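Visitor: I am new to reading protein structures. Could you walk me through a few features?

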Amino acid sequence: MPELPEVEVTRRGVAPHIEGRAVREVVLRRAGLRWPFPAALPEILADRTVTTTGRRGKYLLVEFEHGTLIIHLGMSGHLRVLPPGVPAQKHDHIDIVVEGPQGQQVLRMTDPRRFGAVLWHPNEEGELDSHLLLRGLGVEPLGPEFTGELLYRKTRGRTVAVKSALLAGDIVVGVGNIYCSESLFRAGINPKTPAGRIGLARYEKLAQAIRDVLAEAIVQGGSTLRDFIAVNGQSGYFQNTYFVYDRAGLPCRVCGAPIRQIKQGQRSTFYCVSCQK
C-alpha cells in the first residue's frame, strides 16, 4: 500500500501540472472505488481552478476555492499525467482534464484493486479536518508539531506495543508499516516494547529517525514493492536501502544477526533482536 512518501512523491509530481490550472472535463468510468464517486463531480469541478495541492497523512488533497478533492491511492492506485487522447485501459477509472499554457493535460487515476477513493469536501461543510476520514488524525511527522516530547506525552500509561501505537494514526499520521519498521531499527527500539515504557530520550531519537527515514524515502521516490509507480511512470528505489523490512532471515546490515519477522495486528514486523532492545 502506498504510504506517506509515495503519496508525497505523487503530490510533488502532479502539482506542477495542475496547480493554477482550470478543469475542463471530468470523466468517470465507473460509479466509484472503495466509496462512490460524487455523481456531480464533473459539474462541481467544471471550469474551476486548482489553487494548490496538499497532503494529510496518506490522503492527497487537490484544493479549489469552493472545496477540496480528497484522493486516496488505496492498495494499488497511482496517478499519471498524460497528454489528451491516450486511450484508457481497464483499470483507468477517472480522468481530470486541465487546461495549461501548452494545452490540455489529463490527470488519470489507475487502481486495479479498486480500494482507492476520490471524494469531495465542499467548503460549506466546514474545515477540511472535520471530514470523516481526516478528523482525529495525529500530527504530520514532517511538521514542527512532531517531537519526541509529543510521543512521550501521548504514550504515558499505554500498554500497546510501540509499533502499534505509531501505526494507529491518532498520535502521528502516515508512518506506515514499512517506514515504522525502518525507523524503529534506526532508533534501536524493539517493536514489541510497550509504548508507555519508553522514555523521553529514546522517543526523541525515534522522532528524529522517523523524520530521517521519511525524508530519505521521498528523495528516493518512495518504495516500489509491487504496484506503486510515480506520476512519470518511474519506480521508487528506497526498498534497495532497507535495513530490516522484507529481509527476514537475512543478516542485519549492522551486526550480522538474522532479521526476524513477526505478526503485529495482522501486519508483518521486521526487526533485529541484537540492535533493537
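**Rings, strands and a helix**

Guide: Let us start with one side chain. Tyr 245 counts as buried, at 13% relative accessibility. Keep in mind that this is a predicted model.

Visitor: Why does Tyr 245 count as buried at 13%?

Guide: Buried means under 20% relative accessible area. Tyr 245 has 13%, so Tyr 245 counts as buried. Tyr 242 is buried too, with a relative accessible area of 3%.

Visitor: How is a pair of aromatic rings described?

Guide: Two values do it: the distance of the centres and the angle of the planes. Now the case here. Tyr 242 and Tyr 245 have ring centres 5.6 Å apart, with 85° between the planes. Planes over 60 degrees apart count as edge-to-face, so this pair is edge-to-face.

Visitor: Which residues do ring pairs link into a cluster?

Guide: Tyr 242, Tyr 245 and Phe 270. Across the whole structure, a search finds four aromatic pairs.

Visitor: Now the sheet. What is the order of the strands?

Guide: The order is E1-E6-E7-E5, in an open sheet of four strands with antiparallel pairing. Strands E1 (22-28) and E5 (78-82) are the edges, each pairing on one side only. From one strand to the next, the twist averages 20°.

Visitor: What packs on the sheet?

Guide: Helix H1, residues 4-18, does. Helix H1 touches E5, E6 and E7, and its direction makes about 30° with that of E5.

Visitor: How many bridges join strand E6 to strand E7?

Guide: Eight, between residues 92-100 and residues 103-110. Take one partner: Asp 92 is bridged to Thr 110 in E7.

Methods: Residues numbered from 1 in each chain as written. Predicted model: local features only at pLDDT ≥ 70, side-chain atom pairs only at ≥ 80, totals over all residues. Heavy atoms only, no water. Pairing = 2+ DSSP bridges. Helix = DSSP H or I, 4+ residues; strand = E, 2+ residues; numbered from the N terminus. Axes fitted to C-alpha atoms, helices over the stretch in contact; angles between N-to-C directions. Contact = heavy atoms within 4.5 Å. Phe/Tyr/Trp six-rings, centres within 6.5 Å; stacked < 30°, edge-to-face > 60°. Buried < 20%, exposed > 50% of the residue type's maximum accessible area, 1.4 Å probe, protein only.
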